[in-house]
Amino acid sequence: MTFYVEAVSELRPRMRRAIIMIQDLVMVLVAVALSLVLSQSRLSFEALSYGGLVCWALIVLVAHVLFRSCGLYNTVWRFASTPDFFNILKGCGSLTVVLYLASLGFRFFEPVAGLNERQFIVFFLVSFTIISAPRLYYRFLRDGASWRILRRAPGDAPVKQALFIGRLSEADVIVRFTRTAVPAEYAIAGIMATGSDAPLGTQIQGVPVVAVRPRLVEVLEDYVNGTENLDLVIFGNGAERDIEDYAELVRIARHSGIAVVQFSGLSELGQGGKLVLDAVEIETIMRRSAVATDIERISAFVGGKRVLVTGGAGSIGRILVKRALELGAEAVLVADLSEFGIFQLDQLIEEEDRDRLTSRIVDVTDRRHMMRLVGEFKPAIIFHAAALKHVPLLEENWEAAIQTNIFGTLACAEVAAKCGVPQFLLISSDKAVDPTSVLGITKRAAEQIVSSLHEVHAARPASQAGEASHAAPGTKFIAVRFGNVFGSTGSVATIFQAQIEAGGPVTITDRRMTRYFMTVSEAVDLVIMSAADAEQRQGADDYAIYMLDMGKPVPILEVAETMIRMAGKSPYTDIPIRFTGIRPGEKLHETLQGEGEEVVKLDIAKIFGLRTDVVEWPRIQAALTTLQAAMRDQDKAAALAVLAGLHRVEQAAGGARDQALPKAVGRSG
């Protein structure tokens with residue numbers, strides 16, 4: 001029967017429909033014969049006589065008309081579902097009633113022996129069964145062939161039963177490796193294909209294709225509701241971009257207690273191999289267009305270089321470290337104050353890469369220590385990711401924010417210049433745009449320090465380079481500005497996750513609040529690409545600040561609801577959501593471009609150049625001296641007033657906004 005169903009499915013639609021119609025009519029005649037045989041009826045006329053043949057022809061004609069009117073041929077078999085089987089039930093029931101009424105009318109003209117109600121009841125049951133059977137079998141082949149695989153015998157080894165959702169090419173790799181792995185960890189029970197290259201009956205290494213688009217969600221619901229033996233759903237690489245219903249598929253699986261992972265490749269282990277399956281986190285479900293990273297360009301930029309990452313044990317820093325090692329950096333030095341963070345970073349790095357990684361516990365504001373580290377390590381680039389970044393916390397701890405975010409940046413930049421490091425890159429933030437918080441105004445000041453050093457370096461002739469110690473020849477200073485990195489320490493993702501695990505409530509400051517989000521892998525690759533681009537630029541086309549395209553802002557409420565659903569819970573029902581009000585220093589909506597700033601489109605996807613006002617270096621030096629005095633006096637208002645003067649050039653000259661900003665920031669603290 002499988003061969004017949006597959007053969008019919010390969011025909012052109014019109015031919016296939018005609019054969020299905022003929023098949024149904026044959027089934028009706030078979031049902032008439034079986035009903036007579038099963039009920040042991042003895043008709044008073046010959047079945048093959050002229051009258052008998054006319055009777056069969058009339059039955060076929062009436063059946064065809066009724067079946068068409070009941071919609072039996074309006075649905076493609078592969079999408080057959082409960083309403084379609086109801087149509088068959090309606091068609092067979094109508095045919096049975098019509099034939100029974102016809103037999104009653106015929107008996108008035110000519111009595112017929114051996115014909116009674118029993119035959120019609122049997123006819124209805126038989127006709128419905130044998131007409132439904134091919135459709136049900138087709139549905140079984142398409143969507144349910146792996147149920148037999150999911151039946152786990154009591155003595156079977158504890159192998160995880162999995163469904164794979166993705167491209168057939170990846171399915172072939174995964175099935176082959178799962179079957180040859182010793183000991184076996186996974187058994188692929190079925191494949192849900194995202195491409196159009198999966199006809200009926202397709203099997204990969206004997207594993208059937210059980211669903212195709214657009215019915216992935218419906219079929220997965222059938223599986224999770226119909227079996228207790230499904231342990232795992234494996235998505236193919238890039239499934240979050242290829243499948244529109246990716247988030248819903250994840251939610252369905254997790255709601256049923258089924259683990260969700262994503263295939264990202266293979267790792268060689270001796271003569272064998274092992275699947276690399278990454279946990280699916282919220283960052284993989286962000287509905288953002290994919291960034292096509294120029295791997296060759298960033299590999300050529302990082303490959304063979306010595307790289308220093310300050311704050312290398314932080315959320316962005318650790319991925320920068322890992323990525324630099326993957327791209328072939330000669331050596332990577334991590335400078336971070338967190339002992340535990342460095343320990344966690346060490347666990348993240350592959351064994352074969354650890355000999356190229358060096359970690360040092362150091363405060364980036366300790367100029368002497370940093371000078372010794374940089375002088376000994378001799379990096380080709382410094383990624384300055386060290387920063388304090390928690391908005392409400394820094395409103396109270398403003399001195400720590402200024403010390404780390406401003407004077408830490410200054411110390412590292414001056415060390416880079418004095419040691420002749422070719423490039424210094426500051427990781428900035430969208431909080432620096434029109435800042436209303438201590439975090440924002442300190443990050444903007446850090447941008448101004450880097451921008452000013454960039455201008456000094458670009459403007460000074462090589463013959464005068466030795467006249468100032470802050471911008472030695474060959475040192476290029478740039479900053480990269482972008483928004484929130486999903487899943488970073490202290491981000492809404494980690495806060496929401498902890499609240500969901502605790503049973504709620506999930507707290508949101510304001511239902512209107514939006515933020516820009518980017519996955520950490522995207523951000524890191526684009527940061528490196530910005531550094532590679534800056535290395536080649538000179539003169540008028542040179543930019544001190546790069547800005548990443550963050551896509552559209554995402555409502556925080558939507559993020560919370562998605563994370564709750566991913567945890568298998570229902571927002572507001574299982575996990576309450578509570579609105580607490582905007583905290584000190586927070587904005588409802590962040591922006592990436594400030595007033596008066598010019599965004600320049602580059603020939604690099606997702607990266608822009610940014611032209612902004614720059615405070616001259618002597619004025620920055622004077623402002624920082626005043627800032628240090630304010631910190632010694634613990635005068636927050638004076639310190640914020642100094643920083644407001646570094647916000648914009650016109651503010652430094654005494655503009656109206658210069659008077660407003662420090663008051664606004666001061667009140668938020």
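**Close-up views of a predicted protein chain**

**View 1. L640 in helix α22.** L640 counts as buried because its relative accessibility is 1%, where buried means under 20% relative accessible area, exposed means over 50% and partly exposed lies in between (1.4 Å probe, protein chains only). The residue lies in helix α22, residues 636-645, and helices (H or I, at least four residues) and strands (E, at least two) are DSSP runs numbered from the N terminus. L640 and A630 are ten residues apart in sequence, and their C-alpha atoms are 9.1 Å apart in space. This is a predicted model, in which local features need pLDDT of at least 70 and side-chain atom pairs count only at pLDDT 80 or more, while totals for chains, interfaces and linings use all residues. Residues are numbered from 1 along each chain as its sequence is written, and side-chain values use heavy atoms, with hydrogens and water left out.

**View 2. The protein chain as a whole.** The protein chain has 24 helices and 22 strands, and 50% of its 669 residues count as buried. Its accessible surface comes to about 30,800 Å², of which 55% belongs to carbon and sulfur atoms; these areas come from the Shrake-Rupley method with a 1.4 Å probe, and for residues only the protein chains shown count as cover. Among contacts between residues at least 6 apart in sequence, 77% join residues at least 24 apart, a contact being heavy atoms within 4.5 Å.

**View 3. Helices α11 and α19.** Helix α11 (residues 295-302) and helix α19 (residues 520-536) pack at an angle of about 70°, with their axes 9 Å apart; axes are lines fitted to C-alpha atoms, for helices over the stretch in contact, and angles run from 0 to 180 degrees between N-to-C directions. The two helices are therefore roughly perpendicular to each other, given that angles under 35 degrees count as roughly parallel, over 145 as roughly antiparallel, 65 to 115 as roughly perpendicular and the rest as oblique. The crossing of α11 and α19 is left-handed, a term used if the near helix is turned anticlockwise from the far one by less than a right angle, with right-handed used if the turn is clockwise. On the α11 side the contact is made by R297, I298, F301 and V302, and on the α19 side by D525, I528, M529, A531, A532, D533 and E535. Seven of these residues are nonpolar, none is polar and four are charged, where Ala, Val, Leu, Ile, Met, Phe, Trp, Tyr, Cys and Pro count as nonpolar, Asp, Glu, Lys and Arg as charged, and the others, Gly among them, as polar.

**View 4. The loop that holds R537.** R537 is placed in the loop between α19 and β18 (545-548), and because its relative accessibility is 15%, it counts as buried. Leaving aside neighbours within four places in sequence, R537 is in contact with K476, D542, Y543, Y546, L602 and D603.

**View 5. Helices α16 and α21.** The axes of helix α16 (residues 398-418) and helix α21 (residues 617-632) come within 12 Å and cross at roughly 145°, and the crossing is left-handed. From α16, the residues W398, E399, I402, Q403, I406, F407, L410 and E414 meet W617, L624, L627, Q628 and M631 of α21. By class, this contact has nine nonpolar, two polar and two charged residues.

**View 6. Helices α12 and α13.** The axes of helix α12 (residues 315-326) and helix α13 (residues 339-348) come within 11 Å and cross at roughly 35°, here in a right-handed crossing. R318, V321 and K322 of α12 make the contact with Q344, L345 and L348 of α13, and these residues divide into three nonpolar, one polar and two charged.

View 7. Most residues other than glycine have a negative phi, and most peptide bonds are trans. K606, in the loop between β21 (598-601) and β22 (607-611), has a positive phi of about 70° although it is not a glycine, and K606 is buried, with a relative accessible area of 18%. K378, in the loop between α14 (367-377) and β11 (381-384), has a positive phi near 55°, and at 60% relative accessibility K378 counts as exposed. The peptide bond from G504 to P505 is cis, with omega near 0°, and P505 is found in the loop between α18 (492-501) and β15 (506-508).
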